[in-house]
Amino acid sequence: MSSQQKIEQLREELHQYNHNYYVLDNAIISDYDFDIKLKELEKLEEENPQFFDTNSPSQRVGGGITKNFETIIHKNRMYSLDNSYSREDIQDWEKRVQKFLGTDDIEFTCELKYDGASINLTFENGQFVKAVTRGDGFQGDNVTTNIKTIRSIPLKLKRDFVKNFEIRGEIVLPLKGFLKMNKERFENGEEEYKNPRNTASGSLKLQDSTEVSKRPLDCFLYQVITEERKYKTHFESLENAREVGFKVPETIALKKSINDVFEFINFWDSERHNLPYETDGIVIKVNNLQQQEELGYTAKAPRWAIAYKFKAEQVSTVLNEIKYQVGRTGAITPVANLEPVQLAGTTVKRASLHNADQIEKLDIRINDFVFVEKGGEIIPKIIAVDFTKRPMYSEPTVYIKNCPECNSELIRTKGDAKHYCPNEFGCAPQITGRIQHFISRKAMDIDGLGGETIDLLRKENLISNYADLYDLTVAQVIPLERMAEKSAQNMISGIKKSKEIPFEKVLFALGIRFVGETVAKKLVKHFKSIDNLMVASFDTLVSVDEIGDRIAQSIIDFSNNLSNIQLINRLKLNGVKLEVSSESLKNQTDKLQGEVFVVSGIFYQLSRTELKKAIEDNGGKVSSSISKKTNYVVAGDNMGPSKLEKANDLGVTLISEQDFLEMISE
Ligand code: AMP
Ligand code: ZN
């Protein structure tokens, strides 16, 4: 046998042993024999460097050091999941899904919600290529070197799957491993880790992969993403992923109805305490991939999935004090300072009380014993007061009347849950908060400028609003604490670069109350420039799709304020984009004005997203379900039969992809 053959054989064997041990939990070789074989492979590889393979089992032990993790933009965004807490929530979701799809012929998969750190693995031609953390969902960190040390992740697939794909999963630290790590830390006199989830996600970002390889991390896979349409259902794709070597927990189940889903939930609600790892809920997914595609995504989460959160753990503790925080929009949030207490693996000291109504509803008072709840990611919440333990002479809580920061009298408009400090331009946390929002990633995304620097700039009186940023000079910022020449230059050039940011992000950055990312986009589409927007009347504003009274009034208030007008003018003079560029206007027409479209099926010339964009760019509206208001259904291949029927019933015109393209090119 040549050394190449020998190397390949050993690699094959060792991959198999790993799979048996770490995925199937069924060792077929002793640790000792495994080590001998691994040493043999390492020796051969060293003697024959021409046969190096980054996916060799010898690469599992780590060794690579990553100083800075490379940022990688996800090919497919990593969404969150919508949450539900009750049977009704799930039934509502089912109804929405049925309505959307126009059928009640829907199967579901049930999976546990593994509590760890999400990861996206890329495979090409049966080989592991890279691993990227979820990050903010749009881009994450390249943690390939660290991930490779997790033995239950196959580096080479056992047999054909799909050629190129991404597979998503959760990196978890099983409880046994977690407790063992903590025991060691305790014995070494080191501070113990708080909980498995944080430890798992922290592990991914360790610089030394050798250290990662020592941690008993595991990886459970829950989604395959591929352009090949080999599998028709989610369940089938997972079962096949398991066959080729991935660790897909055996707990996943296929369910024919929502009632069967409830059985699954009931079972795991108590049984979860016997699992070797933590779970904070169940994830329910529409099984049919074609239906998943039809359902698509909201701004945050897939419509085809929902998480059900188990009831959280509860403890009781004492309320020491209520503090009031002022947000960037002036909104006041009461925060409870609690006697520190252990809850679900973390120490809880604070909990949000949301607003005055909440305080009144709970009838919560200083020195009360309160029940605190926390589940997974959720910030601790005060559920109720333990009235049996209320001190004899307690006083009802009186909500503050004046701003704790600037003493202005607070206002509360009808229909608003929160009190506001109206001193927009004189209240410190509002001023700072607005600038911080302005520079944030989803807004102006200014490189080299963070929240702390804003605090410093404010303290030194160098800025008092976001327009001031554009007047800053390198010479002004160099003297700031911890500011080197290089970082000063970065900061100024980052600010300059933000002048390229498109109008819709700028509009969001302005921080107008109730104008979030989505609303900003809608407004930009309709008004095209800040000038048009600022002179729009209330009636014009509310006539825009999805703009309600509250948003309209907020825009009017903003536009009527002299300080805002001045700020906008200064931004304009500085070259910040306050209108849609002529470039992007070029492709926009109002050919489809007033027409409502529904898009269904598979398309070939445009992707679904492109198709929807083309409709909107030409003034049309995309709706998700067929109704009397629908004018056209753009019907692709495999359009659902129930949709077809509905379209026919309502006499809606069906057009092909080609028809549509002709329609807009006329
Ligand atoms: P959340 O962060 O609460 O919005 O929930 C979304 C996250 O749940 C995803 O990013 C995954 O990391 C995680 N997750 C855990 N188990 C599953 C599962 N079975 N299916 C989908 N996501 C899951
Ligand atoms: Zn104030």
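First, the ground rules. This is a predicted model, in which local features need pLDDT of at least 70 and side-chain atom pairs count only at pLDDT 80 or more, while totals for chains, interfaces and linings use all residues. Residues are numbered from 1 along each chain as its sequence is written, chains are lettered from A and ligands numbered from 1 in the order in which they are written, and side-chain values use heavy atoms, with hydrogens and water left out.

I start with ligand 1. The residues around it are S80, L81, E111, L112, K113, Y114, S118, R134, E170, Y222, V283 and K285; a residue is near a molecule if one of its heavy atoms lies within 4 Å of it. Strand 3 (108–114) and strand 10 (279–286) each supply at least two residues of that shell. The largest share, four residues, comes from strand 3.

Which atoms approach the oxygen atoms of ligand 1? A backbone N or O atom of L81 lies 3.0 Å from an oxygen atom of the ligand. For S118, a polar side-chain atom lies 3.2 Å from an oxygen atom of ligand 1. An N or O atom in the side chain of E170 is 2.3 Å from an oxygen atom of ligand 1. Taken alone, ligand 1 exposes 490 Å², and the protein buries 90% of that; accessible areas come from the Shrake-Rupley method with a 1.4 Å probe, and for residues only the protein chains shown count as cover.

At 1% relative accessibility, E111 counts as buried. The cut-offs are under 20% relative accessible area for buried, over 50% for exposed, and partly exposed in between, with a 1.4 Å probe and protein chains only. The E111 side chain makes a polar contact with the side chain of H234 at 2.7 Å and another with the side chain of K285 at 2.8 Å. A polar contact is a pair of N or O atoms within 3.5 Å; within protein, one must be able to donate a hydrogen and the other to accept it, and residues adjacent in sequence count only if both atoms are side-chain atoms.

Five strands form an open sheet in the order 2-11-10-3-9, with mixed pairing. Strand 2 (83–84) and strand 9 (253–255) stand at the edges with a single partner strand each, so one side of each is left without a neighbour in the sheet. Strand 3 and strand 9 run antiparallel and are joined by three bridges; two strands pair if DSSP finds at least two bridges between them. C110 stands opposite A253 in strand 9.

There is also a hairpin, formed by strand 4 and strand 5 with two residues between them. Strand 4 (residues 117–124) and strand 5 (residues 127–133) pair in the antiparallel sense over six bridges. F123 stands opposite F128 in strand 5. In the turn, N125 has a positive phi of about 50°.

Next, the zinc ion, ligand 2. Its protein donors are C403 (SG), C406 (SG), C421 (SG) and C427 (SG), lying 2.3 Å from it. Donors are N, O and S atoms within 2.8 Å of the metal, or 3.2 Å for Na, K and Ca; water is not among the atoms, so sites may look incomplete. The spacing in sequence is C-x2-C-x14-C-x5-C.

Why is the arrangement tetrahedral? The four donor atoms subtend angles of 98 to 114° around the zinc ion, and four donors count as tetrahedral if all angles lie between 85 and 135 degrees. C406 counts as partly exposed at 22% relative accessibility, and C421 as buried at 3%.

Last, two loop residues. D445 has a positive phi of about 50° although it is not a glycine. D445 is found in the loop between helix 12 and helix 13 (451–459), and is partly exposed with a relative accessible area of 36%. N355 lies in the loop between strand 14 (346–352) and helix 11 (356–362). The N355 side chain reaches the backbone nitrogen of D357 at 3.1 Å, and N355 counts as buried at 12% relative accessibility.

Note on methods:
Four donors count as tetrahedral if all angles lie between 85 and 135 degrees; four count as square planar and six as octahedral if opposite donors are over 155 degrees apart and all others between 65 and 115; anything else is irregular.
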